[in-house]
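Subject: Structure handover and findings

Dear colleague,

Please find the structure below, followed by notes on what a computed search of it turned up.

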Amino acid sequence: MSTPTSSPPSAPDDSPSASSGPAPDLLGAHEADPRRRPGPVLLVSVAVTVVVVAWGAAAGGSLSSASSGALNWITSSFGWLYLLSALGILVFLVGLAVSPYGRLRLGRDEDRPQFKTRSWIAMILSAVMGIGLISYGVAEPVSHLASPPHGLADPMTRDAAVTAMQFSFFDWGLHAWGIFAVMGLAMAWSTYRKGRPSLVSALLRPILGKRVDGWVGGGIDVFAVFATLFGTTTSLGLGALQINAGLGSLFGVPVSTVVQVLIIAVVTLLFTVSAVSGVAKGIRYLSETAMGLAGLLLVFIVVVGPSIYLANLLVQSLGRYASQFFAMSLITPADGDLAFMQWWTYFMLAWWLSWAAFVGVFLARISRGRTIREFVLGVLVVPSAVFFVWFTAFGGTAMHLDLTRGAGIAAAAAQDANSAFFLTLDQFPLSTVTSTLAIVLVVLFFVSGADANTYVLAMLTTRGSERPPTWCLVLWGVLTGAAAVALLLAGGLQALQNMAIVSSAPFLLIVLAVTAAFWKDLRSEQLVRA
């Protein structure tokens, strides 16, 4: 049996940007960094973003039509590749965690985690997928209750409720976090073990060699920026819609594009200021605050809601999710159910792919010193479990209200998905307090997610600098908000979802290549006989 050695990490490779000696202190380094200078990746990325923003503002219908056409072609021709890729990545990660390579650290052998596990998990949950807890925690389960996926149950039945949770687990569980985990592992390994810059192109050095230093590497990084930007604008658009719905429910604020644009403008200012403050002061504080408030809201709904029903629903849904895991992972629209796949399965997988570069950089930055096994378990299992419990608590409560009281939440969600969460809270005492808390949560998730996104975009466009200049952070904060506004004007939620899928398509190939390159990197580690 072979095990990895505990020798010093490999010397930096032939990258002209690789650094020797100890990796920089992520939160304390202030020395000059030559990579802070702008380069071609920044110029091209900004130019493409400005074109899309101008297109959406000046001719939103045209942008919406173009993205819809591209969406239909991508999903009908290559949707199966999304499914196979996500499953293959999961199998790879599990195998890696149980192998001898799982003992290796993401960094030098003497490195230890910089953040406590509680803070680490809170930052992952809040900065990566927090908005989804509110936007989809009720809306997705009740939508599946009213229209069960692939006709697997009769609508508005108890069996449909289990099927609804099963597919919600699929969309928000292991497949999503597997995509994030493989990019985070590869980035942490490349940056802190091999001494390469924090760029997506640098992850492909094991298979592309010095070509990553030229136009090939620049093109890869531009694709990463483009996918990251429009994956994040989808979240920002959802956050604005959710905040608008909450303000409308509480204070009668009109639900309109004008209000949503104003919300994006205000929150853009907040997350840009937060990004400039740095990860230690900004993202960590916001994340821990958000997860604490989310915990209070979760405990409240479990106490006042149908607790016994929720416990049974969770167990039964987990059982069906586990027993049909591979069948769900490989289901395709061969029976003509393409619309469902586009709106849910393909969109969700594409959304996670479009976040992969951002999340990879972010996870790497907060995970230095952890072992590969610890990283895989932490990123795959813990967040998935949290989302399963959250969706069961809130989505299960809403479905129970519809099935037993005829609350009409599913019907309302069909008209406006953003109203579903607040309609559920309205059925219980202290609804004004809990709805206000939900709005605050969305804002915190909104700010922390966009905060981290702004930092990563600035890093990717300043040659991998871990301390991007303030002007670059501000630039990407403004462009992110502008892009979200442009897509809202171009067609609202549909345009946001279309762009997320379209922008992620080329990046899927990059993620697969990164996985292969990471494995090649690991295989190059010196081994000794146990």
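Contact here means heavy atoms within 4.5 Å, and helices are DSSP runs (H or I, at least four residues) numbered from the N terminus. The model is a predicted one, in which local features need pLDDT of at least 70 and side-chain atom pairs count only at pLDDT 80 or more, while totals for chains, interfaces and linings use all residues. Residues are numbered from 1 along each chain as its sequence is written, and side-chain values use heavy atoms, with hydrogens and water left out.

On helix packing, Leu236, Ala240, Leu241, Ile243, Asn244 and Leu247 in helix 8 meet Val259, Gln260, Ile263, Ile264 and Phe271 in helix 9. By class, this contact of helix 8 with helix 9 has nine nonpolar, two polar and no charged residues (Ala, Val, Leu, Ile, Met, Phe, Trp, Tyr, Cys and Pro count as nonpolar, Asp, Glu, Lys and Arg as charged, and the others, Gly among them, as polar). Helix 8 (residues 215-251) and helix 9 (residues 257-277) pack at an angle of about 115°, with their axes 9 Å apart; axes are lines fitted to C-alpha atoms, for helices over the stretch in contact, and angles run from 0 to 180 degrees between N-to-C directions.

For helix 1 (residues 40-58) and helix 2 (residues 60-98), the axes come within 5 Å and cross at roughly 115°. Val52, Trp55, Gly56 and Ala58 in helix 1 meet Gly60, Ser62, Leu63 and Ala66 in helix 2, a contact that divides into five nonpolar, three polar and no charged residues.

As for aromatic pairs, a search of the whole structure finds 33, where rings of Phe, Tyr and Trp (its six-membered ring) pair if their centres lie within 6.5 Å, and planes under 30 degrees apart count as stacked, over 60 as edge-to-face and the rest as tilted. The rings of phenylalanine 180 and tryptophan 352 have centres 6.1 Å apart and planes at 75°, so this pair is edge-to-face. Because phenylalanine 180 lies in helix 6 and tryptophan 352 in helix 13 (residues 338-354), the pair ties together parts that are 172 residues apart in sequence.

Best regards

Key:
Helix = DSSP H or I, 4+ residues; strand = E, 2+ residues; numbered from the N terminus.
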